[in-house]
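Here is a friendly walk through one protein model, written to be read with the structure open beside you. Take it a piece at a time and turn the view as you go.

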Amino acid sequence: MEKLEPQQLPGLIRDLQAERRAPRPAGRPQGELHEMARRRIEAPLEILDWAMRDRRWSFTLAEIMAGAVGRPRELAARLIVAIVDELEEEDELLAAEAGATT
């Protein structure tokens, strides 16, 4: 499996969004997104550093760190999944608003 460098973060996010949108057979756990992110992250400290500096995602990172904090790779994977979840919620909201105005 390929390892994720910080510059490859947008690709991982797109891959996880596609995985999240894919039909889920019964018994397929949501935790697969976290595991997929965890396996592909090569430089977790760089991802966490980027998120701390980013105006938007620093808040998401802070929310995640308010809970139990594990190793950097686990924390980075939780952050990536949280980013995917937030982006998906935004897409759903925008789609609902666009449907309401037509």
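## A tour of the helices

R73 lies in helix α5. Keep in mind that this is a predicted model. With a relative accessible area of 29%, R73 is partly exposed, because buried means under 20% and exposed over 50%. Which residues does R73 touch, not counting those up to four places away in sequence? They are R38, I41, E42 and P44. One of these, E42, is 31 residues from R73 along the chain, yet their C-alpha atoms are separated by 8.2 Å.

**The overall plan**

Step back now to the whole chain. The protein has five helices and zero strands, and its pattern along the sequence reads α-α-α-α-α. It has 102 residues, of which 32% count as buried. Among contacts with a separation of 6 or more, 68% are between residues 24 or more positions apart.

**Helix α5 and its cover**

Helix α5 runs over residues 72-101 and has 30 residues. From its first C-alpha to its last, α5 reaches 43 Å, close to the 44 Å expected at 1.5 Å a residue. Its buried residues are L75, A76, A77, L79, I80, V81, A82, I83, V84, L87 and E88. What covers them? The cover includes α1 (9-21), α2 (31-40), α3 (44-53) and α4 (57-65).

An α-helix has 3.6 residues a turn, so residues three or four places apart point the same way.

E88 deserves a stop of its own. This residue lies in helix α5. Is E88 buried or exposed? At 4% relative accessibility, E88 counts as buried, because the cut-off for buried is under 20%. Leaving aside neighbours within four places in sequence, E88 is in contact with Q17, R20 and R21.

**The nonpolar core**

The largest nonpolar core has 24 residues, and the members that touch the most others are I13, L16, I41, I47, L79 and I80. The elements giving two or more residues to this core are α1, α2, α3, α4 and α5. Which of them gives the most? That is α5, with 10 residues.

Not counting residues up to four places away in sequence, L16 touches L33, M36, A37, I80 and V84.

**How the helices cross**

| Helix pair | Axis separation | Crossing angle |
|---|---|---|
| α1 and α2 | 10 Å | about 160° |
| α3 and α5 | within 8 Å | roughly 50° |
| α4 and α5 | within 10 Å | roughly 125° |

Start with α1 and α2, which pack at an angle of about 160°. That makes α1 roughly antiparallel to α2, and their crossing is right-handed. On the α1 side the contact is made by L12, D15, L16, E19 and R20, and on the α2 side by E32, L33, M36, A37 and R40.

Next come α3 and α5, whose axes cross at roughly 50°. At that angle, α3 is oblique to α5. Their crossing is left-handed. Here P44, L45, I47, L48, W50 and A51 in α3 meet P72, R73, L75, A76, L79, I80 and I83 in α5.

The last pair is α4 and α5, with axes crossing at roughly 125°. That makes α4 oblique to α5, and α4 passes α5 in a right-handed crossing. The contact is made by W57, T60, L61, I64 and M65 of α4, together with L75, R78, L79, A82, I83, E86 and L87 of α5.

**A last stop in α4**

S58 is placed in helix α4. Which residues does S58 touch, not counting those up to four places away in sequence? A51 and M52 are the ones to look for. S58 and L48 are 10 residues apart in sequence, and their C-alpha atoms are 8.9 Å apart in space.

Methods: Residues are numbered from 1 along each chain as its sequence is written. This is a predicted model: local features need pLDDT of at least 70, side-chain atom pairs count only at pLDDT 80 or more; totals for chains, interfaces and linings use all residues. Side-chain values use heavy atoms; hydrogens and water are left out. Helices (H or I, at least four residues) and strands (E, at least two) are DSSP runs, numbered from the N terminus. The expected span of a helix is 1.5 Å times one less than its number of residues. Buried means under 20% relative accessible area, exposed over 50%, partly exposed in between (1.4 Å probe, protein chains only). Contact means heavy atoms within 4.5 Å. A nonpolar core is a set of buried Ala, Val, Leu, Ile, Met, Phe, Trp, Tyr and Cys residues joined through side-chain atoms within 4.5 Å. Axes are lines fitted to C-alpha atoms, for helices over the stretch in contact, and angles run from 0 to 180 degrees between N-to-C directions. Angles under 35 degrees count as roughly parallel, over 145 as roughly antiparallel, 65 to 115 as roughly perpendicular and the rest as oblique. A crossing is left-handed if the near helix is turned anticlockwise from the far one by less than a right angle, and right-handed if clockwise.
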